[in-house]
Amino acid sequence: MEGSDFYRRHSDEARRLLESFRQQLLTDVMPFWTQRVEDHEFGGYFNDFDRFGNRTGDEKPGWFVGRDLYTFSMMSRLFGPNDRWLELARVGRAQLDTGFSRGDGRFNQMMARDGQVINGFTSIFTDHFVVKGLFEYLRAAGLENDPAERALARRLAEQLFADVQDPAVLAVEHIPAGMRKHAVNFMTLVVALESRALFENDFNPVLCDCVENSLYRFANDSLAAPLEYISLEGEPVLRGEGRLVDPGHTMESLWFSIHAGAALGRPDWIRRAAQVMDWVIDRTYDREYGGFCQHVDVSLPKPEEPFLFTQYDAWRADWDDKIWWVQAEALYALAASALYLENERHWDYFTRMAAYVEQAFHDRQYGEWYAILHRDGTVRADCKGFSLKGPYHVPRCLANLTVLLEEYLSRGQALIGGVEGVS
């Protein structure tokens, strides 16, 4: 294949990276979780593991019912057939019929090992992950046309899209009065995007509104900054949380928007995502040590109190520390922009990030990725799973990269015409 000039310059490195990501996904990351995640006695998933894979807790976060349901379904669909992955997906599907569900389209946030509810619903994100996971499960299990399962998926999606407009529901997320939270918007975006595999264009109005919000409202041209919070009218609110730029959330929303642009034939969305990605690089990439900071202030050298650090369960992460999920989302977003648009700058940062996470985050001795690093790359939290970390960001990133690189290498030119990925 002759391919484009970009292809000729980078195809050899793309093949090398493809093989590296595929191997890490299939022989390292997925086996780490497949061997440990299922609770054979009470059902559901274990999530808490130290560096060596020893279980450190039995509580079951609601986020990881939907997230694990998604990951094992996605792996079975894209890299199967694999009976074990599908079995593990069914473990998650079974949890939707237990006390995990409140019965009103909402799901509980934390359960004891035996399924007793510790915390009731406290997070709209739990509901997002459940709906997203269920969509993927129906595809993996060949149940896309099952009347009961389709009806459940539609009902939960419709309830979710109503709930994200309900001030009483959003108040539980501690969103400051008069402000909108980017994470709610882009999670709704990806659920609407993934609904297309089952319901085609039914939820396109939700999808388009969320993409426009992410690319043109939360991303502010006058500041050349993507913001975490904006006013209800879409304007910057440069106080408190409104001053924060979060590269992990922004990069995640940008590759969702790239996939949406491919799905709906909107190359303008893809190009705009690349522009905002440059803002993220310029503001949050650590040119001294590599990787992306946790978050930065929109104009000050470091964030104000109380945003100098974030508590991740038992671990404090300073604003300039490196967090596993931030690097994973940035890694894939850079690759997506680079290969959809043949963007040289983003290819350069993608390859830098690939080397960085391999050297700093990937635990080649015991598998998976460390959770948190100090800014200089030394390990701050070497655990592999806790209430916020499990088999989601890392395997999704590696699976996305595998699909993306395979498609690019098969085409030999920019992917702006579209490619099916995972979301």
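Pro306 is placed in the loop between β11 (296-297) and β12 (309-312), strands being DSSP runs of E of at least two residues and helices runs of H or I of at least four, numbered from the N terminus. The peptide bond from Glu305 to Pro306 is cis, with omega near 5°. This is a predicted model, in which local features need pLDDT of at least 70 and side-chain atom pairs count only at pLDDT 80 or more, while totals for chains, interfaces and linings use all residues. Residues are numbered from 1 along each chain as its sequence is written, and side-chain values use heavy atoms, with hydrogens and water left out.

A cis peptide bond also joins Gly80 and Pro81, with omega about 5°; Pro81 lies in the loop between α2 (63-79) and α3 (83-95). Most peptide bonds are trans, and most residues other than glycine have a negative phi. Against that background, Asp313 is not a glycine but has a positive phi of about 55°. Asp313 sits in the loop between β12 and β13 (315-318) and, at 40% relative accessibility, counts as partly exposed, a class that lies between buried (under 20% relative accessible area) and exposed (over 50%), for a 1.4 Å probe and protein chains only. Ala224, in the loop between β7 (219-220) and β8 (225-226), has a positive phi of about 50° and is partly exposed, with a relative accessible area of 29%.

Helix α4 (residues 124-140) and helix α7 (residues 182-199) pack at an angle of about 20°, their axes 10 Å apart; axes are lines fitted to C-alpha atoms over the stretch in contact, and angles run from 0 to 180 degrees between N-to-C directions. That makes α4 roughly parallel to α7, the term for angles under 35 degrees. Contact means heavy atoms within 4.5 Å, and the residues that meet include Phe125, Phe129 and Phe135 in α4 and Met187, Val191 and Phe199 in α7.

Phe199 also takes part in an aromatic pair with Phe203, which is edge-to-face, at 6.0 Å centre to centre and 90° between the planes. Rings of Phe, Tyr and Trp (its six-membered ring) pair if their centres lie within 6.5 Å, and planes over 60 degrees apart count as edge-to-face. Phe199 is buried at 3% relative accessibility, and Phe203 is buried at 8%. Tyr356 and Phe361 form an edge-to-face pair, 6.1 Å centre to centre with 65° between the planes; Tyr356 and Phe361 are buried. Elsewhere, Phe6, Tyr7, Phe21, Trp347, Phe350 and Tyr408 form one aromatic cluster.

Conventions. Parallel < 35°, antiparallel > 145°, perpendicular 65-115°, else oblique. Phe/Tyr/Trp six-rings, centres within 6.5 Å; stacked < 30°, edge-to-face > 60°.
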